[in-house]
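I set out to record, entry by entry, what I looked up in this structure.

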Amino acid sequence: MTTLFVVPSEVAIFETYNPGAVVRIWAYSITNHWTCLWEAESLELMQPADNSPRDARRFAPPIKKTNIITKTLRIEFNHSRLKYYTEIDAIMLCGTTVSVRRMQQLLSPMRQLRSNAATESCAGPISCKLRTLKFQPSCRGNYAVKLHDFINNDLSQFLMESSIDLEQQQQQQQQEQQQLQQIRPSICLTDLPFEILLKILSYLDLKSLFRIGQVSRTFYDISTHPLLYAELSLKYYWQVANSELLCTLARRTTMLRKLDLSWCGGFGQISPTEFKKFLTQRGDNLTHLRLNSCKILNASCIETVGIVCDNLIELTLRNCAIDQPLLNFSCLANLKNLERLDLFQTAFESELLLSMLEGNRKLKHLNLAFCGVSVNMDNVATHLATYNTQLVSLDMWKAHFLSARGLQSLACCKQLEELDLGWCLREASLGDSIFQLLTNCPKLKKLFLSAVRGITERDLIHIATLGKNLEQLDLMGIINITQERVYDILLQCPKLRMLDLSFCDNIMDRDFDMIAEWSRLYNVDIKSSRIH
């Protein structure tokens, strides 16, 4: 199937559940640049979408009128604007199709401009001077002879007149500066102590730091101070982040501690070589490294992380590799100080993970959601019970091969406060594993049991009686839950603030009026496709 390029006229997003989270729509053009086609107003970005429609909808905001040619879209969501997660089914790009031949015709002038720019960069000093003076001779007839005569006879006079004009401009600028100095206040911003100016500039974002550095030499010196770059995030500058920017930042980040390159590196904007060079120069003191959905990574990059960044406390590699042979994570076994490890939807070897768990006994937060079929979660749970008993949060959403035996092992992690077992427990019966978990982990605040088919009525009673500190409980798709068990949970879990009962087929439509009343009575936000 041939992928078509279009000049976009409409982008339609089919939102099927909790609409209202879309905040930006981007398009990647054939000129290798991102263009924002639509953005929610700044006020809307900061406020919750309380008035958003509840039902499924076709969302097609008015996009920017443009002539760019694209086949790639990027949709940005702000989930904090909603009270619960959102879902979409499809995205439709509408517009005028552009043939390959037409694209080649459009790209030819661009290539010629780049070629001319490259030629001009090699020009001599006279040509450069003429361009600076915006010299544009109007010649007809024999161009070569007339240009030769001009250079031999008239060029010196032309440059002398231009020099007089420049001197007059400089004198005028000096007069204006003197006038400004006469009316300037006794104390200006640059008279403040360096430490105070540094504190003021610490509130600026990265773009503002680069801009203020162009004001004066004083502000440049302050805006490039390493203390302002101890924490560096290019996540929100993904559309402009490139190898050149990373090279520039390498000179300023001598005190770098936290680095976030999430979303960066798409379409080869940052080369793996430049990334490895940056880490080699500035990675030895890193304590936090986030590379979520990062397009830079290859086996050599991961090896550099494992060798250079041995002081890491946090490492997040979400959505980095779906195919296991793509990356070699063996060097990550060198990391021994991790407290947070996020491998969501990233394929890796089971033996390596077990080795990392054994070597990082201070681990507190672990995300293994949707991590591939090669990892046996029962073995992981056994290792966690042996080496990582200080674990506070664990996400195993849609992980494979976790049974009641593995769940019993997790009961040894008595500091657990958040546990996601959604879609990963497929056994028909879980025995006493839920009871043991709730008994040994009284600090549990968030428990996700989405589509865990083995949950029985007895397990629901245990949740009600032992979940005294539960604040969020997800029972989506639980078959055996009834109106009575819902009431028990609401009555006996005084700290509960959110309860998900979506797709619980055993709860009849007539029950939801009563459940909605309980939601108001016990001040619990109950989520369901049948409760508004």
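**Entry 1: a helix and a surface patch**

I located I200 in helix 5 (residues 194-201); helices (H or I, at least four residues) and strands (E, at least two) are DSSP runs, numbered from the N terminus. The model is a predicted one, in which local features need pLDDT of at least 70 and side-chain atom pairs count only at pLDDT 80 or more, while totals for chains, interfaces and linings use all residues. Residues are numbered from 1 along each chain as its sequence is written, and side-chain values use heavy atoms, with hydrogens and water left out.

I200 belongs to a nonpolar surface patch with L189, L192 and I196, and together they have about 310 Å² of accessible area. Such a patch is made of residues with over 30% relative accessible area and no salt bridge, nonpolar side chains (Val, Leu, Ile, Met, Phe, Trp, Tyr) being joined within 5 Å and like charges within 9 Å.

**Entry 2: the whole protein**

I noted 17 helices and 18 strands in the protein. Of its 532 residues, 43% are buried. I read the accessible surface as about 29500 Å², with 51% belonging to carbon and sulfur atoms; the areas come from the Shrake-Rupley method with a 1.4 Å probe, and for residues only the protein chains shown count as cover.

**Entry 3: cysteines**

How many disulfides does the structure hold? I found 0 disulfides, a disulfide being a pair of cysteine sulfur atoms within 2.5 Å. For C264, the closest cysteine sulfur is in C294 at 6.5 Å, which is too far for a bond. C264 is buried, at 0% relative accessible area, whereas C247 is partly exposed at 31%.

**Entry 4: nonpolar cores**

I looked up the largest nonpolar core and found 110 residues in it; such a core is a set of buried Ala, Val, Leu, Ile, Met, Phe, Trp, Tyr and Cys residues joined through side-chain atoms within 4.5 Å. Helix 11 (residues 350-359) gives the largest share of this core, 5 residues. L384 is among the residues with the most contacts inside the core. Leaving out residues up to four places away in sequence, L384 touches partners including L357, L366, M396 and C413, where contact means heavy atoms within 4.5 Å. A second, separate core of 13 residues includes W38 and F59.

**Entry 5: salt bridges**

I recorded 16 salt bridges in the structure, each a side-chain nitrogen of Lys or Arg within 4 Å of a carboxyl oxygen of Asp or Glu. R318 and D342 form one of them, at 2.9 Å from N to O. R318 lies in the loop between strand 10 (314-316) and strand 11 (340-342) and D342 lies in strand 11, so the pair ties together parts 24 residues apart in sequence. I found D342 buried at 10% relative accessibility and R318 partly exposed at 25%.

D378 and R405 also meet in a salt bridge, at 3.5 Å from N to O. D378 is in helix 12 (residues 377-387) and R405 in helix 13 (residues 404-410), 27 residues apart. D378 is buried at 7% relative accessibility, and R405 is partly exposed at 46%.

Note on methods
Buried means under 20% relative accessible area, exposed over 50%, partly exposed in between (1.4 Å probe, protein chains only).
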